[in-house]
Amino acid sequence: MIVTVDVELNPLQQAIIDSLGVPPDWEPLPDHIVTDVEEQLSVALAPLEGLFSADNPLRVNKHHIATVLGCEEYHVLNRQQAFAWNINTVRGTIAHKGIELLLNWRGPIIPGEIVDAAITSVAENPRESASGFIVSLPAHELAELRGAVLGAVTNFLECFPPIKPQWRPMVEYSASYSLFNNSVIFSSRMDLVLGGPGRKVIIDLKTGRLTPTHRDDLRFYALIETLRSRQPPRSLGSYSLDSARLDDEPVTEGLLQAAVRRTAHGTLLIADLALKTRQPERRPGFQCRWCPINEECDIGARHLRQLSGEDEDDS
Ligand code: SF4
């Protein structure tokens with residue numbers, strides 16, 4: 001990018017620098033934390049040893065944990081069905097691609113050109129699962145998508161500080177960690193990582209509103225990055241491309257231990273359901289809106305009626 005070093009920052013950009021910069025009194029976490037959290041995770045998941053194999057591993061990512069802790073039935077349905085793209089989900093993918101291009105763009109920064117390049121890059125890449133969906137869009141929906149992504153990319157340009165090369169930015173950074181001879185595999189893909197080993201800042205770029213789940217997602221990333229690189233990251237942040245708001249928190253020992261507990265709890269539930277040792281529970285929540293069986297699920301349908309303000313007794 002971009003990256004003028006001494007550019008004058010606007011107040012929003014300065015606020016992000018103030019939040020994500022290294023505090024003068026910052027110190028890395030003690031080395032023993034890595035082995036501590038690794039042992040806690042291994043002990044908590046010990047009942048899974050031998051139940052899966054490297055050929056047929058239990059795969060766990062942030063989405064799996066979030067869904068199983070929400071509604072187990074929804075989690076099972078999600079894992080059975082191929083992911084279906086829609087305008088909202090593809091908007092996030094294109095916005096991320098636009099920001100990735102932006103970080104390496106040479107020449108004048110014209111948001112519309114970057115968005116067009118991002119759409120083309122995804123649409124013409126057969127390895128991108130969104131490719132077919134984008135190509136199938138009618139002209140008016142493609143224009144709608146372009147406009148929505150343009151807003152997100154322009155917000156990022158205007159509200160996020162210019163990223164310096166010495167911050168070592170990495171976009172779509174993947175990390176994984178496995179237990180029990182690769183039979184349980186945790187994987188993560190982080191939108192944006194800044195900083196060198198031992199002081200990384202992990203940033204999730206969101207095209208929707210920020211929710212408490214986003215903190216849990218980032219804590220999962222912090223755990224996986226800690227176990228993979230043997231050094232905890234320094235800080236985490238969810239950045240809303242719509243509202244230009246950053247929600248950040250430092251990585252602490254307590255944060256990593258909370259991530260271990262949630263990851264272990266979720267993984268045991270996921271394993272139960274993968275092994276079909278019991279029936280999945282139905283728990284209504286915001287996910288009912290997107291659930292493929294929300295018309296035939298009584299508890300979910302009632303929840304949706306309550307959300308929309310209808311009297312549940314009407315049913
Ligand atoms: S409608 Fe809601 S409660 Fe019912 S299965 Fe779907 S997500 Fe679960």
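The model is predicted, so local features need pLDDT of at least 70 and side-chain atom pairs count only at pLDDT 80 or more, while totals for chains, interfaces and linings use all residues. Residues are numbered from 1 along each chain as its sequence is written, and side-chain values use heavy atoms, with hydrogens and water left out.

The protein splits into domain 1 (31-81 + 166-274) and domain 2 (87-164), with bounds taken from an automatic or database domain assignment. Their C-alpha centres sit 26 Å apart. Where the two meet, 16 residues of domain 1 are in contact with 15 residues of domain 2 (contact means heavy atoms within 4.5 Å).

Together the domains bury about 1500 Å², 70% of it on carbon and sulfur atoms; buried area here is the accessible area (1.4 Å probe) that two parts lose on being put together, summed over both.

The side chains of Asp242 and Arg91 pair up in a salt bridge at 2.7 Å, N to O. Strand 3 (184-194) is one of the strands that each supply at least two residues of the domain 1 side touching domain 2, and strand 3 gives the most, with three residues (strands are DSSP runs of E, at least two residues, numbered from the N terminus).

Methods
A salt bridge is a side-chain nitrogen of Lys or Arg within 4 Å of a carboxyl oxygen of Asp or Glu. Helices (H or I, at least four residues) and strands (E, at least two) are DSSP runs, numbered from the N terminus.
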